[in-house]
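Here are my notes for your first look at this model. Please keep the structure open while you read, and find each residue as it comes up.

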Amino acid sequence: MQLRPDLPFQAEETVLSWTARLAGFHTGGRLVPFLNDLGIAPNRLSAGDEEALQRLSAKAGQDLSCLRLNAIKRITPRQYRLRGEVFSAEFTTGPVTRFCPRCLAEDAAGRGRSATMRMHRLDWLLQPVRVCPHHSLPLVERRTGDWDDVLHELSVLVPETREQLLRLADVSGFAKQSELQDYVVARLRGGNGPEWLDRQSIEQAVRATEMLGAVLAFGPEAKPGDLGMLDWVRAADSGWPYVSEGEPGIRKALEHLQEDAKGRGRAWLSRTAVFGMLYRWLSSKKLRKDPGEIREILRRHIVDTMDVAPGESVLGKVIQNPKLCSVTTLAKSDRVHALTLRDVLISREALERGAASRSCGELLVDARVGRKASDAIRWAVPFTRAGDILNASRPMVSTLIEIGALSQVRLDGEARGKLSRSIDEREMRELLRRLENLVPEVVERAPPGMATISQCLERSRLTNEQVLRRLLSGQVRRVFRLVDVAGLRGVVIDLKEFSTPAALPVPGMSTEMVMLVLGLNRAAINSLIREREGGSLLEVVDVQGEYGKWVFPEALDRFRERFVFGHRLELEYRIKRYAAKSLLDAYGVKPLFNPREFGATIYHRADLPPEITERRT
């Protein structure tokens with residue numbers, strides 16, 4: 001049987017509201033008994049169940065499509081859908097009923113009982129809707145605490161007469177609905193809004209706007225639980241101008257928060273102290289719902305403008321190579337003294353001179369520049385200790401620096417302290433490996449007629465420079481290493497090789513030495529010196545005597561400036577070969593020649609991507 005007479009369904013009301021009016025119209029009673037009479041379970045109708053809607057439509061003679069349009073359908077225990085928009089239970093008012101007293105007073109202005117006339121609007125069920133757009137009144141909230149609060153039965157929750165509702169409206173004060181509220185209502189009616197918001201789910205768009213706006217309006221100390229309904233309206237108004245511009249606008253708002261925090265003192269160093277509830281929300285381990293693009297925007301902004309430690313997790317993503325680090329963070333990460341690192345960065349002009357008077361925790365520096373400086377500090381060995389590593393005398397160490405076999409690193413730019421005449425330990429270790437390759441033969445004791453370098457110098461007029469240049473260029477024929485003595489003190493030579501002026505070394509090195517220095521095979525060295533159009537890659541000359549094909553230092557320097565081998569990327573740029581290969585492929589950088597035909601993988605330095613070249617030490 002179909003109910004008669006008809007009570008028309010109104011386009012702005014909820015299905016439950018219309019059903020409650022039907023109950024009052026046909027029985028004069030409550031909603032639940034009426035639904036039981038129709039054979040419809042109240043909880044299924046409140047969940048927008050299709051079968052319940054169909055039965056109600058058939059019994060009341062109402063177009064089913066109208067009911068479907070206004071039914072909030074539950075798709076999981078905590079997830080709902082309305083007109084194609086999916087949101088969580090928190091996006092609705094839940095068991096709380098909101099209403100505008102003046103709207104309800106106008107509903108009851110006509111003939112008939114109030115229970116059959118008052119309508120609960122669909123928009124009132126949405127959490128972002130807090131102000132009546134028709135009367136500019138803040139919505140009133142009601143809840144009894146009973147199980148049937150979720151049915152929003154106005155006859156029970158709002159028992160006031162029309163006169164009482166009008167008096168309630170008069171004392172409610174006026175409020176203007178936010179643009180965010182207008183956007184939500186328009187979007188559920190098929191309208192379009194700002195592009196960035198439309199890309200988000202409706203709940204993500206609302207939450208991002210309100211949380212950002214709450215920090216802008218009430219400061220980083222504010223907490224969501226302390227904000228009232230009209231406070232959230234103000235938050236929405238504060239956030240809307242920025243989110244409506246998309247990422248550029250949001251980044252602008254984040255910059256405003258940072259500037260405000262700087263004005264309060266050192267609190268600006270803390271992300272929570274700057275971004276307040278926005279950061280707490282997005283960094284919470286209890287966050288189960290995808291917050292949308294706002295998290296990635298805030299993460300990028302933090303990485304671009306704030307102190308981030310290498311390997312730190314920022315809003316759920318580990319940042320291996322941050323853009324900025326504070327001096328304190330870098331010092332702690334790389335285990336160097338913060339004040340030493342600060343002084344080195346000032347000397348390298350990575351920080352201004354006035355930074356010396358500020359706290360290291362406040363000083364932000366380009367992370368790549370900072371890591372290079374901290375690496376240099378960690379590997380810096382004072383000149384006085386270099387002899388221990390090389391097992392060489394101090395004059396030998398000085399000579400190695402003079403001839404360019406070692407480079408002195410003046411980290412702080414001043415002639416004082418450990419850092420003023422330091423040498424990179426890695427460079428010294430590499431020199432020792434070269435020495436082992438140059439002198440592969442090991443003996444237990446010096447053969448007759450041979451002596452250590454120091455002993456040879458004592459017996460002749462030779463200098464350290466003459467001996468070391470020739471030794472490192474591979475032009476000493478009779479040379480051995482003592483098995484129990486490491487470094488340069490363990491090298492024994494034949495003084496007779498240095499007895500005539502003709503035997504004095506020519507600056508530079510043989511092609512065999514170039515092979516050892518560059519770590520190449522015979523095929524690769526032949527490819528380097530082969531004549532091509534425009535000349536060979538590496539210039540060689542024929543030197544009279546025993547030298548043969550010879551490479552002068554200037555030619556090797558020019559070659560190194562122009563080219564780099566794939567196997568030397570890790571040594572020169574501190575990047576693993578597989579990582580370098582990925583970057584080179586991403587930029588489309590190819591070797592100059594087929595590695596199999598050339599004998600090695602060689603690139604133009606000018607072709608290397610910046611992610612590699614900026615690492616060069």
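Which residue takes a positive phi just after H2? Gly 39 does, with a phi of about 75°.

Some ground rules come before the points. This is a predicted model: local features need pLDDT of at least 70, side-chain atom pairs count only at pLDDT 80 or more, and totals for chains, interfaces and linings use all residues. Residues are numbered from 1 along each chain as its sequence is written, and side-chain values use heavy atoms, with hydrogens and water left out.

1. **Helix H2 and its covered side.** Helices (H or I, at least four residues) and strands (E, at least two) are DSSP runs, numbered from the N terminus. H2 spans residues 31-38. Its buried residues are Leu 31, Val 32, Phe 34, Leu 35 and Leu 38. Seen down the axis of H2, they fall within an arc of 160°, so they line one face of the helix. The arc is that of the directions from the helix axis to the C-beta atoms. An α-helix has 3.6 residues a turn, so residues three or four places apart point the same way. Buried means under 20% relative accessible area, exposed over 50%, and partly exposed in between (1.4 Å probe, protein chains only). The cover over the buried residues of H2 includes helix H1 (15-26), helix H3 (42-46) and helix H4 (50-60).

2. **Leu 38.** Look at Leu 38 in H2. Its relative accessibility is 8%, so Leu 38 counts as buried. Contact means heavy atoms within 4.5 Å. Set aside the neighbours within four places in sequence, and Leu 38 is in contact with Arg 55, Leu 56 and Lys 59. Now look across the model to Glu 221. The C-alpha atoms of Leu 38 and Glu 221 are separated by 53 Å, and the two residues are 183 apart along the chain.

3. **A three-stranded sheet.** Three strands form an open sheet in the order S1-S2-S3, with antiparallel pairing. The edge strands are S1 (73-76) and S3 (85-88), and each pairs on one side only. Neighbouring strands of this sheet are turned by 35° against each other on average, direction ignored. Axes are lines fitted to C-alpha atoms, for helices over the stretch in contact, and angles run from 0 to 180 degrees between N-to-C directions. Two strands pair if DSSP finds at least two bridges between them. S1 and S2 (residues 79-82) pair over three bridges. Thr 76 stands opposite Gln 79 in S2.

4. **Helix H10.** Is H10 mostly covered or mostly open? Mostly covered: seven of its ten residues are buried. Among them are Leu 180, Tyr 183, Val 184 and Arg 187. The cover includes S2 and S3 from the sheet above, plus helix H11 (195-199), helix H12 (202-218) and H13. Just after H10, Gly 190 takes a positive phi of about 95°.

5. **Aromatic pairs.** The whole structure holds six aromatic pairs. Rings of Phe, Tyr and Trp (its six-membered ring) pair if their centres lie within 6.5 Å; planes under 30 degrees apart count as stacked, over 60 as edge-to-face and the rest as tilted. Tyr 183 and Trp 240 have ring centres 5.7 Å apart and planes at 50°, so the pair is tilted. This pair links distant parts of the chain: Tyr 183 is in H10 (residues 179-188) and Trp 240 is in H13 (residues 229-243), 57 residues apart. Tyr 183 and Trp 240 are both buried. Phe 559 and Phe 563 form a tilted pair too, at 5.2 Å centre to centre and 40° between the planes. Phe 559 is buried, with a relative accessible area of 2%. Phe 563 is buried as well, at 2%. Ring pairs link Phe 559, Phe 563 and Phe 565 into a cluster.

6. **Charges over rings.** Arg 207 lies over the face of Trp 281, at 5.6 Å from the ring centre. The charged end of Arg 532 sits over the ring of Phe 593, 4.5 Å from its centre. The test: NZ of Lys or CZ of Arg is within 6 Å of the ring centre and within 35 degrees of the ring normal.

7. Ser 136 is not a glycine, yet its phi is about 55°. Ser 136 lies in the loop between helix H7 (114-117) and strand S5 (140-142). At 27% relative accessibility, Ser 136 counts as partly exposed.
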